[in-house]
Amino acid sequence: MTQSTRHLQATDAGIARAAAFLDAGQTVAFPTETVYGLGADARNGTAVAAIYAAKGRPAFNPLIVHLADAATAQNLVWWSADAQILADAFWPGPLTLVLPLRDGHGLSSLVTAGLQTVGLRVPAGVAAGALLRAFDAPVAAPSANPSGRISPTTADHVMAGLSGKIAAVLDGGPCTVGVESTIVGWQNDAPVLLRAGGVPSEAVEAALGRPLQTPDSNEITAPGQLSSHYAPRSSVRLNAAQAQEDEVLLGFGPIDGTLNLSPTSDLAKAAANLFDHLHKLDATGQPIAVAPIPHHGLGAAINDRLARAAATRDQPPPTG
Ligand code: TXA
Ligand code: MG
């Protein structure tokens, strides 16, 4: 079903309008510091189903729930000393905590995909905070892209993928971090890194005073971590020193290209540019080669997304 998607500015009036759409059970894309999220009322199963429909997302993927503050989180989940340390250190900010649900949490089971845990985060970003305070209830939001496609870091990216499928996009300009949140969960009381993201894992380990474990593959990890994810339409070749034949090159530091993630080798700038540059190079229709990126700090998240973009696909990427 198509609808006309409103492009709202992140003014008081635009934020109030966006909150009213959420109240009415509609889907609204909104800016966070990481990427644009496609939000819906996390308590309303019909509204959450509209997220899955708009994205064409496999129904087994649980969604991250966005909150205005950490106090709200404690009504939904069993809070822990580790959670308090990480919330104090990184919220609002690009960190998601996967914690056990409390009885009577009120979230739609579509949000949790039937799991006994939920991923929560308090996003930074003026527009996200204002929207969450105006709506005053939990907002489920995956990245606002068609499933399997490159994540959006501008309102234009959102419109390119989802126009006609969602009620509105709240335009707060480009996202400052540019890669999704770091996801931390716990297995047998040990903290586990479920997804590398906008908070470097080294910073999480420093705050906790102990190392992050890698997930036990027999347990539920982060189902969104399908290998072919964040995929451009064109093929992607990693660790390229230079472009070959008809390739366009995504450069980094001294390896200059058609576009350069950061000529000064700044990993934070590279993360902020990553999806926008991939969108632009993908639009050329040419194969994409990518210069090597260091693995430390935000480089872990950048390399994770690039590896997924380069993964062989079992089937042609979805259109839309
Ligand atoms: O930065 C972000 O995290 C962005 C913005 C919009 O907040 N959101 C985002 O959401 O990346 P999404 O849905 O694209 O990715 C959510 C990830 C998925 O890999 C999902 O499987 C995992 O979080 N996840 C959510 N709840 C989980 C749970 N209970 N247990 C394990 N993984 C969970
Ligand atoms: Mg996503």
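Predicted model: local features only at pLDDT ≥ 70, side-chain atom pairs only at ≥ 80, totals over all residues.

**Where the domains meet**

Start between domain 1 and domain 2: the area buried there is about 1300 Å², with carbon and sulfur atoms giving 61% of it (buried area is the accessible area, 1.4 Å probe, that two parts lose on being put together, summed over both). Now select Ile150, His157 and Val179, which supply 39% of the area that domain 1 buries against domain 2, more than any other three residues.

Residues are numbered from 1 along each chain as its sequence is written, chains are lettered from A and ligands numbered from 1 in the order in which they are written, and side-chain values use heavy atoms, leaving out hydrogens and water.

Next, pick glutamate 180 and arginine 305: they form a salt bridge, with the closest N and O atoms 2.9 Å apart (a side-chain nitrogen of Lys or Arg within 4 Å of a carboxyl oxygen of Asp or Glu). The count between the two domains is one salt bridge.

**Over to the sheet**

Find the open four-strand sheet, ordered S11-S14-S12-S13 with parallel pairing (strands are DSSP E runs of at least two residues, numbered from the N terminus; two pair if DSSP finds at least two bridges between them). S11 (236-237) and S13 (259-260) are at the edges with a single partner strand each, so one side of each has no neighbour in the sheet. Finish on leucine 250, whose bridge partner in S13 is leucine 259.
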